[in-house]
Amino acid sequence: MPPPNVTDLIKMRLFALALGFALAVNPCLGADDIFKDRPAFSGADLPAESSAKCDDIRIMSAGIDNTDVRIDLTVIGELTAVKHDGVLWYLLMCSDVRVLCATYQSNGMKVGDRVVLKGGYKRLDPNHAMLDPCLANLP
């Protein structure tokens with residue numbers, strides 16, 4: 001096989017740079033597809049295919065470990081608690097896996113309101129997850 005010419009070397013370097021950039025921007029491209037069969041999860045700040053209901057979270061999140069790479073969860077349900085500490089608002093929903101949304105505004109939401117929470121997913125323990133940063137909206 002003849003040695004590569006200069007044009008081929010440039011093409012290979014450009015491809016390697018593009019691949020490296022793509023993996024740096026979205027590290028999930030280099031990993032197994034953790035979003036397969038998990039339509040409520042998405043890459044950071046990307047739209048989810050659908051919202052999870054509270055009863056879906058335990059099964060849908062099985063096997064997702066906390067990583068340095070941000071992944072988002074979108075969940076829909078009724079708020080069970082709304083608290084304010086003077087700076088942040090804490091919106092809580094679900095009873096199986098309790099989901100806490102830390103946000104800067106309550107947008108007038110109150111206990112019993114049906115809302116959509118979307119944010120950076122972190123599993124605190126088997127029964128608690130936190131979305132931070134998090135956005136809360138009416139469906």
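The model is predicted: local features need pLDDT of at least 70, side-chain atom pairs count only at pLDDT 80 or more, and totals for chains, interfaces and linings use all residues. Residues are numbered from 1 along each chain as its sequence is written, and side-chain values use heavy atoms, with hydrogens and water left out. The protein chain holds two helices and seven strands. A search of the whole structure turns up two disulfides.

**Overall make-up**

- Helices (H or I, at least four residues) and strands (E, at least two) are DSSP runs, numbered from the N terminus.
- From the N terminus on, the element order is α-β-β-α-β-β-β-β-β.
- Of the 139 residues in the protein chain, 32% are buried. Buried means under 20% relative accessible area, exposed over 50%, and partly exposed in between (1.4 Å probe, protein chains only).
- Among contacts (heavy atoms within 4.5 Å) with a separation of 6 or more, 53% join residues 24 or more positions apart.
- The protein chain exposes about 9000 Å², with carbon and sulfur atoms supplying 60% of it. Accessible areas come from the Shrake-Rupley method with a 1.4 Å probe; for residues, only the protein chains shown count as cover.

**Strand pairing around β3**

- Two strands pair if DSSP finds at least two bridges between them.
- Strand β1 (residues 41–43) pairs antiparallel with strand β3 (residues 71–84) over three bridges. Phe41 has Leu73 as its bridge partner in β3.
- β2 and β3 pair in the parallel sense over two bridges. Here Ala52 partners Val75 of β3.
- β3 and strand β6 (residues 114–125) run antiparallel, joined by seven bridges. Gly77 has Val115 as its bridge partner in β6.
- β3 and β4 also run antiparallel, with five bridges. Lys83 stands opposite Tyr90 in β4.
- The β3 and β4 hairpin has four residues between the strands, and Gly86 takes a positive phi near 100° there.

**Disulfides**

- A disulfide is a pair of cysteine sulfur atoms within 2.5 Å.
- Cys54 and Cys94 form one, with sulfur atoms 2.0 Å apart. Cys54 sits in the loop between β2 (52–53) and α2 (57–61) and Cys94 in the loop between β4 (89–93) and β5 (98–103), so the pair ties together parts 40 residues apart in sequence.
- The Cys54 and Cys94 link is left-handed, with -75° about the S-S bond. Both cysteines are buried.
- Cys101 and Cys134 form a disulfide with sulfur atoms 2.1 Å apart. This pair links distant parts of the chain, Cys101 in strand β5 and Cys134 in strand β7 (residues 128–137), 33 residues apart.
- The S-S torsion of Cys101 and Cys134 is about -110°, so this disulfide is left-handed. Cys101 and Cys134 are buried.
- With the bonded cysteines numbered in sequence order, the pairing is 1-2, 3-4.
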